[in-house]
Amino acid sequence: MHGPTRTTAVESPRSLVAGIGFRHATAADEILALVADALRQADMPGAQLAALATAADRAGDRAIVEAAESLGVPLVAIGVEALRDAGRRVVTRSVRIEALRGVGSLAEAAALAAAGPDGRLVLPRIASAGATCALAASGDALSS
């Protein structure tokens with residue numbers, strides 16, 4: 001008799017993308033804590049991320065660069081058009097972000113854009129005081 005078979009929600013451990021929205025004063029530690037919280041809430045505390053993703057105009061900010069470096073993942077800069085395309089698939093709507101960015105949730109749109117056209121939200125946007133985070137997985141990771 002064999003031992004129990006373990007299955008995970010995401011077959012490829014490097015297929016998750018964390019989309020991040022954040023205010024200018026947000027520190028890398030807050031982003032890192034929020035990503036860890038998102039992984040816990042998605043019941044994937046040990047999952048490894050493939051990347052962090054954010055709006056291209058914020059991708060050079062120190063906090064997000066430091067967070068990506070600390071996690072050992074690339075930082076994907078998502079352009080305006082890609083955010084808006086992915087924004088059609090977001091489930092959260094922030095009036096403020098929609099007015100500023102043209103998408104209901106920057107975090108969700110960034111995660112979905114980076115995960116690709118077949119990507120799906122694993123965890124809708126969660127928030128801390130200065131940041132938001134959503135998790136998306138590529139279509140390949142979702143097939144069983």
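In this predicted model, strand β1 (residues 16–22) is joined to strand β2 by four bridges, and the two strands run parallel; strands are taken as DSSP runs of E of at least two residues and helices as runs of H or I of at least four residues, numbered from the N terminus, and two strands pair if DSSP finds at least two bridges between them. Residues are numbered from 1 along each chain as its sequence is written. Local features need pLDDT of at least 70, side-chain atom pairs count only at pLDDT 80 or more, and totals for chains, interfaces and linings use all residues, while side-chain values use heavy atoms, with hydrogens and water left out.

Strand β2 also pairs with strand β3 (residues 75–78), again in the parallel sense and over four bridges, and here A55 has I78 in β3 as its bridge partner. A right-handed β-α-β unit is made by β1, helix α1 (residues 28–41) and β2, and another right-handed unit by β2, helix α2 (residues 62–71) and β3; right-handed denotes a path from the first strand over the helix to the second that runs clockwise with the strands pointing away from the viewer.

Turning to the helices, A82, L83, A86 and G87 in α3 meet L106, A109, A110, L112 and A113 in α5, contact being heavy atoms within 4.5 Å.
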